[in-house]
Amino acid sequence: MGNNNQVIVKQIKSESERNIAYEIRRIVFVEEQRVDEQEEYDEFEDSSIHYLATINNVPVGVCRWRRTDKGIKLERFAVLKEYRSDGVGSALVSKVLEDVPTDGGKIYMHAQISAMGLYSKFGFKVVGDEFEEAGIKHFKMEKVSEK
């Protein structure tokens with residue numbers, strides 16, 4: 001990030017920020033990756049904690065986490081194509097891991113193969129076999145405790 005662009009990640013608190021997040025997800029998942037819009041927006045939107053990443057006040061990335069019966073699930077990481085080499089994904093993962101409750105059991109995600117390298121830098125390891133979700137190849141990854 002030698003271009004003085006600082007990535008700022010904050011928890012979404014307003015409806016307008018949430019709408020911006022949905023728009024970034026629409027561009028990345030629905031337009032770019034051809035995920036069906038019905039699959040992209042689900043019944044967990046209101047029970048999830050959403051985040052928005054900005055560079056110079058420009059919204060560039062999003063993600064969310066939620067509690068499940070298996071632990072804390074990180075999901076919907078999306079960064080606009082033109083900002084993917086600017087550290088946005090790392091900033092999002094870092095902020096979420098800082099915020100998630102440590103009493104929530106394991107921390108896991110369904111990672112697209114193209115993003116697995118990023119998640120492994122934060123201590124996530126592959127669990128199980130490759131599977132398809134919304135027509136895209138994924139692996140389940142779990143955070144391995146540093147202890």
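1. By class, 18 nonpolar, 9 polar and 12 charged residues line the largest pocket. Here nonpolar covers Ala, Val, Leu, Ile, Met, Phe, Trp, Tyr, Cys and Pro, charged covers Asp, Glu, Lys and Arg, and polar covers the others, Gly among them.

2. The model is predicted: local features need pLDDT of at least 70, side-chain atom pairs count only at pLDDT 80 or more, and totals for chains, interfaces and linings use all residues. Residues are numbered from 1 along each chain as its sequence is written, and side-chain values use heavy atoms, with hydrogens and water left out.

3. The largest pocket holds about 850 Å³ of space. Its lining comprises 39 residues, of which Phe 29, Phe 77, Ala 78, Gln 112 and Tyr 119 are the closest to the centre. A pocket is an open set of points on a 1 Å grid over the protein atoms alone, where a 1.4 Å probe fits, with protein on both sides within 12 Å along at least five of seven lines; lining residues have an atom within 4 Å of a point. Grid points are joined across faces, edges and corners, and the volume is the space filled by probe spheres set on the points.

4. Among the elements that give two or more residues to this lining are helix H1 (15–32), helix H3 (88–99) and strand E4 (71–79). E4 contributes the most, with 7 residues. Helices (H or I, at least four residues) and strands (E, at least two) are DSSP runs, numbered from the N terminus.

5. H1 has 18 residues and reaches 24 Å from its first C-alpha to its last, close to the 26 Å expected at 1.5 Å a residue; the expected span is 1.5 Å times one less than the number of residues. H1 bends by about 30° at Arg 26, the bend being the angle between axes fitted to the seven residues ending there and the seven starting there. Its buried residues include Tyr 22, Val 28 and Phe 29; buried means under 20% relative accessible area, exposed over 50%, and partly exposed in between (1.4 Å probe, protein chains only).

6. The buried residues of H3 include Val 88, Leu 92 and Leu 97.

7. Most residues other than glycine have a negative phi. Arg 34, in the loop between H1 and H2, has a positive phi of about 60° and is exposed, at 67% relative accessible area. Asn 57 has a positive phi of about 65° and is likewise exposed, at 73%.
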